[in-house]
Structure formats: C-alpha cells, structure tokens
Amino acid sequence: MEWDERYRTGTYPTDPEPSPVLRAYLDELPDGRALDVAAGNGRNALFLAANGYRVDALDQSGEGLSIVDERARSRGFADRVETIRADATTHEFPESRYDLVTISYFRTLDRLADVKAALKPGGVLFYQHHLRADPPATVGPSTDRYRFDSNELLRACLDLTVLYYDETTEPRDDRQSATATIIARNTRGGAQSYPRRRLTGRDA
C-alpha cells in the first residue's frame, strides 16, 4: 500500500501539526467523543486527544495507525485513542455516536451522508480538502479528479448549520496550496449561535 510505504520510509512527516483552523476553533467545539476519518499518522486525532477528547482514529494504513498508537503512548494519553484500521469508503459508520468528526485531505463526498449521520444532535463536522484552482495548485493531488470544485464542499453541507467556511490559496515553500475548509453543526433552525471569526486570510 502506497501510504504504508510512505510512513515506513519516513517520506511523510511523522509529527505533522494539526490544522490551524481546527486549533483556532477548538474552544467552540463540543467536548466528548471524536472520529478522525482518514487519520493518517494522527495529525488531528492526537491533537484532539491531547485536549481531552476520546478519539477514534480511522485509516486504511496500518503503518500510519502504528505511529498514532506510539505517539499516543509516548504522550501519555493512549487510553483516549482507539485506532480503527478500515477503508473509509466502505466503513460502516455508527449513527449518532460522535460529538465531533474531522476529515482532512480525503475526498469522500459519496460517504458524507453516512459521516454526518454519525454525528450526535449538536455534533460538529470539521472538513478540509484540496481545491481545483486557476492557476492550478501544486500541493495535493496531481490531478483535479480528487479535488473539490469551488463551493462543492459548502453545498454538500447545507443540511447542517454552517459555522465557518473558507476557500484559500497560500504559498507553501515553493509550491501553491488551494484549500476549502468547513465547520458545520448538526442542528437546524432559523436562530443559531455562531462562533466569532478567529482566522483571516493567510492564517486559514
């Protein structure tokens, strides 16, 4: 498996930083149980566990999940992290189990209804992924097939209460990134509470 090889050979960072948006809005998110879909080697899962969440880290890569387990043990919160080796495209997501679901850089719109159904009432979805852009972004998938169109992620989440949405481009070393990010809550109604905007421009 390609990702197993990347983690095994160290060609992918073994201690990546969590999403800046997730970190900035953490205080606005519900406490409790979290699911990190396509967790990789724990970029967001370990950050959430360090902040008190009980986290299910789901990924197809055994090598990545081994890194998650080892880092959780070394940081003293292994009891708050459960790794689940499974393919997110076929995994049977439990209904109404999670207070928070995070997805970073994994395109799964065909399973998004099932992912949203895994949220408890009032639970929150955090999702970020690569965008198609002009000129084309050079960070992420080599073709547009696995990227979102503009507003595609937003439209897919309009059955939730959108708390934050942004589409940004930014330089990363000598490359260019284009990313869509959404935070949306499993609630409905004309009057809602909303977080203050914490990020602007390049910070997102």
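Helices (H or I, at least four residues) and strands (E, at least two) are DSSP runs that are numbered from the N terminus. The model shown is a predicted one, in which local features need pLDDT of at least 70 and side-chain atom pairs count only at pLDDT 80 or more, while totals for chains, interfaces and linings use all residues. Residues are numbered from 1 along each chain as its sequence is written, and side-chain values use heavy atoms, with hydrogens and water left out.

**View 1. Helix 4 and the residue that follows.** Helix 4 covers residues 62–75, and its 14 residues should span 20 Å at 1.5 Å a residue, which agrees with the 20 Å between its end C-alpha atoms; the expected span is taken as 1.5 Å times one less than the number of residues. The buried residues of this helix are G62, G64, L65, I67, V68, R71 and A72, where buried means under 20% relative accessible area, exposed means over 50%, and partly exposed lies in between (1.4 Å probe, protein chains only). Just after helix 4, G76 takes a positive phi of about 85 degrees.

View 2. A salt bridge is counted when a side-chain nitrogen of Lys or Arg lies within 4 Å of a carboxyl oxygen of Asp or Glu, and the structure holds 9 of them. In one of these, E70 pairs with R73, with the closest N and O atoms 2.9 Å apart. Both residues belong to helix 4 and are 3 residues apart, about one turn of the helix. E70 counts as partly exposed, at 41% relative accessibility.

**View 3. R33 and D56, joining two strands.** Side chains of opposite charge can pair when their charged atoms come close. Here R33 forms a salt bridge with D56, and the closest N and O atoms are 3.0 Å apart. The pair links distant parts of the chain, since R33 is in strand 1 (residues 33–37) and D56 is in strand 2 (residues 54–59), 23 residues apart. R33 is buried, with a relative accessible area of 19%, and D56 is also buried, at 2%.

View 4. The side chains of R33 and E82 meet in a salt bridge of 4.0 Å, N to O. Because R33 lies in strand 1 and E82 in strand 3 (residues 81–85), the pair ties together parts that are 49 residues apart in sequence. E82 is partly exposed, with a relative accessible area of 44%. Salt bridges link R33, D56 and E82 in a network.
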